[in-house]
Amino acid sequence: MRAYLEGTNVMTMERTLSVLLALQLMAAPALAVCGDNTVDPGEQCDGTADSGCPGMCVQCACPPVATFNLPSKAKPANSPGSPKAKVTNSKLLTQFGPKKFSLNNARYTRFQVDNSKAKPDAILILIPGFEGGAGNFRILAQNLLKRINTDHGKRIEVWAFDRRTNQLEDTAGLELAEKELDPELGIDWLFGAELNLSLDPRLTRRAVFYNAQDDVPFLANWTNLVFSQDIDAVVTAALKKANNKNVFLGGHSAGTGFTARYAATDFHISKKCNGKPQPGYAKLRGLVLLEGTGGSTLGAPLTDDSLDRMIAKFDGGNYGAVRDNAARCVDGTTPCTIATEATDCAGKKPPKCTPPTTAFALVPGLLNPRVFAVSEPSAIQSVTDLNTGQILTQASGAQGAVPDLAALSFIPPATVEGSFGVFLDKDGVIASSVATFVAMSLGEPGPTVNGLLTWKDILHGPLTPEPDAGPPPTTLSSPLPTWGADKEVTRLDRVLWSFFAGGTNFSDWYYPNAGPSTTSVAGVCTSGSCALGNVGAACSKDADCTQSISLDSKKLSLPSPNGRGRCDIENLTQAANINIPVIAFGGTAGLATVPGAYTAFAQSIGKCTAPSCDGTTPRVIDAANPNPAFPTFGDVKGGLQVFMNEGFAHLDVLTAEDNADNNVVGPLSDFLARNLQ
């Protein structure tokens, strides 16, 4: 990528103006004509123009996709819709209106193979990873629904989960732009003010964007337990819909952590933190882990210092620290520093200082809500102008006029495919190092035509072979090394639909940061000993002292004397009892590059007792044989299977075509069919 970025000339002002003029002079869209091999407004596909759902287009429509909201039992403090919560932020009132509204909802997008109203044989709920949205699973869902019907004669549904942060994405104008296949309308909705455009008469306002501090400080209270309760709302709905309650839960990347935490959570949350457990895993037929290790119960026991800091965060410190972007005591208002907390927070319980953090995740200089948002009108443009004209982000002037889009300036003048390819391809500057979580195997840069970089993927003929990454490793390291032959397996034209189609999208603009950080403590190492976090332990750097809860919160959750009795913060007590089958997938050019990445999770859960398991074979037969990178798992009999995909990058396990290189769709189809009851 570095080579083809060097020496690229900036497009002249004359070219930019000519592109804009051409866009403005485009005729109003004609009525859709099904059968002319052109996708018109109101269509999702048309004959050979079927990148929205290859081989599944019927009467110019793709298989049914619909998005739903469900009320969640989780009502965190200060969240709109929670008791005593008052909304005064003008941006929230602009987006949601002056009437009382609630953000205490769970959201999912339902993928079906057809319009049948019959009960599906199973429902697979999937949770996206870091900064990912439900659209991540569009291609996998299409491939899987078709494969399991062909191989096993089963009709299933995929329900793709969106975190409650998705509700903050102000997409009303983008939905209209999608309906009319009008990317210019989407640009006006997002950035018309910065571009000094007159408001399109189809719009009544423009999008609002939230800052990461005092606009939405209530995200500090959207903890991991809140998200587990949201997932539970979707699981409960699926149990009512699926035949014989055949519900499976899975996730991709960080979504595997949400998946594992759900399975390990006791949902019997009472004031005394006692009573008969109601474990999440008991509602499921199996777990699916895609390029993410899920978590474990391993690690040093939580110290009293770490527990105190977690409680101080939850009870108000984190909310105040996010709102004010400054350290706060547990009351959320008293200023403090870590060094002087004993004095600053004296008399408060616990007397700990919570440092500031952001409400949602940002990748400085690269990813922010506006960058995520602009991908949608750009992807809409691809439906009618995939790899010829300049991407509208550049042609409209938005990239230069909107400061938050300056991060995209490294992309040369390019077509839609050229621009997305530069950003997302695993061999590029961004996906190979800065943001590996967006990496896909998309091909290579195409020729520069009329001053615009084009793109070549697997549809465009022979691609230049990349060097083999070498033999598989035999040991575990951090990070895990890539290995094996290079593969190009994902169609970019198909991926682009995932960015905008339906009631969801590809990205989580406001991926939660502060709330999940409640159960993490940043350590401090002083003179070779931990002074904060894992206090008293030997250390050489601050990170050695950091502590966090992965899949075991007993020291926080259980009643005294075994814990702090704070099951309202987290209630992960059931990991060792998880007895359902697990299937996991990795990509050798991704993040979970060897089967051994899943050993810690496998050793943290109980023996499989499902009908497909034999009840005696352990999850891990030998963690060191033939070597730690490739241990011997229990396979079907032990309820732990791991499948590697050679040459696959991090997102390829979701986006790759279902062909001979794909070692996800077939095994996953078999796993679901085998575990139906």
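Predicted model: local features only at pLDDT ≥ 70, side-chain atom pairs only at ≥ 80, totals over all residues.
**Arg564 and its surroundings**
- Arg564 sits in the loop that runs between helix H17 (554-557) and strand E13 (582-587).
- The side chains of Arg564 and Asp304 are joined by a polar contact of 3.5 Å.
- Leaving out residues up to four places away in sequence, Arg564 touches Asp304, Leu307, Asp308 and Ile311, and also Lys555, Leu556 and Leu558.
- One of these, Leu307, is 257 residues from Arg564 in sequence, yet the two C-alpha atoms are 8.2 Å apart in space.

**Two buried helix residues**
- Gln142 is part of helix H4 (residues 138-152).
- Gln142 counts as buried because its relative accessibility is 7%, and buried means under 20%.
- From Gln142, the side chain reaches the backbone oxygen of Gly52 at 2.9 Å.
- Not counting residues up to four places away in sequence, the residues touched by Gln142 are Gly52, Cys53, Pro54, Met56 and Arg494.
- Asp230 belongs to helix H7 (residues 224-241).
- With a relative accessible area of 0%, Asp230 is buried.
- Neighbours within four places in sequence aside, Asp230 is in contact with Ser72, Ala74, Asn105, Ala106, Phe161 and Arg164.

**Helix H6**
- Helix H6 covers residues 183-191 and is mostly covered, with eight of its nine residues buried.
- The buried residues of H6 are Pro183, Leu185, Gly186, Ile187, Asp188, Trp189, Leu190 and Phe191.
- Their cover includes four other helices: H5 (172-180), H11 (369-381), H12 (392-395) and H13 (398-401).

**A loop position, Ala537**
- Ala537 is placed in the loop between strand E11 (529-532) and strand E12 (547-548).
- Ala537 touches Gly528, Ser529 and Cys530, when residues up to four places away in sequence are not counted.
- Between Ala537 and Cys525 there are 9.1 Å in space, C-alpha to C-alpha, and the two are twelve residues apart in sequence.

**The chain as a whole**
- The radius of gyration of the protein chain is 25 Å, which agrees with the value near 26 Å that a compact globule of 677 residues would have.
- Along the principal axes, the C-alpha atoms fill a box of roughly 75 × 55 × 50 Å.
- Of the 677 residues in the protein chain, 58% are buried.
- Among contacts between residues at least 6 apart in sequence, 72% join residues at least 24 apart.
- The protein chain exposes about 26,300 Å², and carbon and sulfur atoms supply 54% of that area.
- There are 55 positive and 65 negative side chains in the protein chain, and the centres of these two sets lie 12 Å apart.

Terms used: Residues numbered from 1 in each chain as written. Heavy atoms only, no water. Rg over C-alpha atoms; globule rule 2.2 N^0.38 Å. Buried < 20%, exposed > 50% of the residue type's maximum accessible area, 1.4 Å probe, protein only. Contact = heavy atoms within 4.5 Å. Areas by Shrake-Rupley, 256 points an atom, 1.4 Å probe, with all protein chains shown as cover. Lys, Arg positive; Asp, Glu negative; His and termini not counted. Charge placed at Lys NZ, Arg CZ, Asp CG, Glu CD. Polar contact = N/O pair within 3.5 Å; in protein donor to acceptor, adjacent residues only side chain to side chain.
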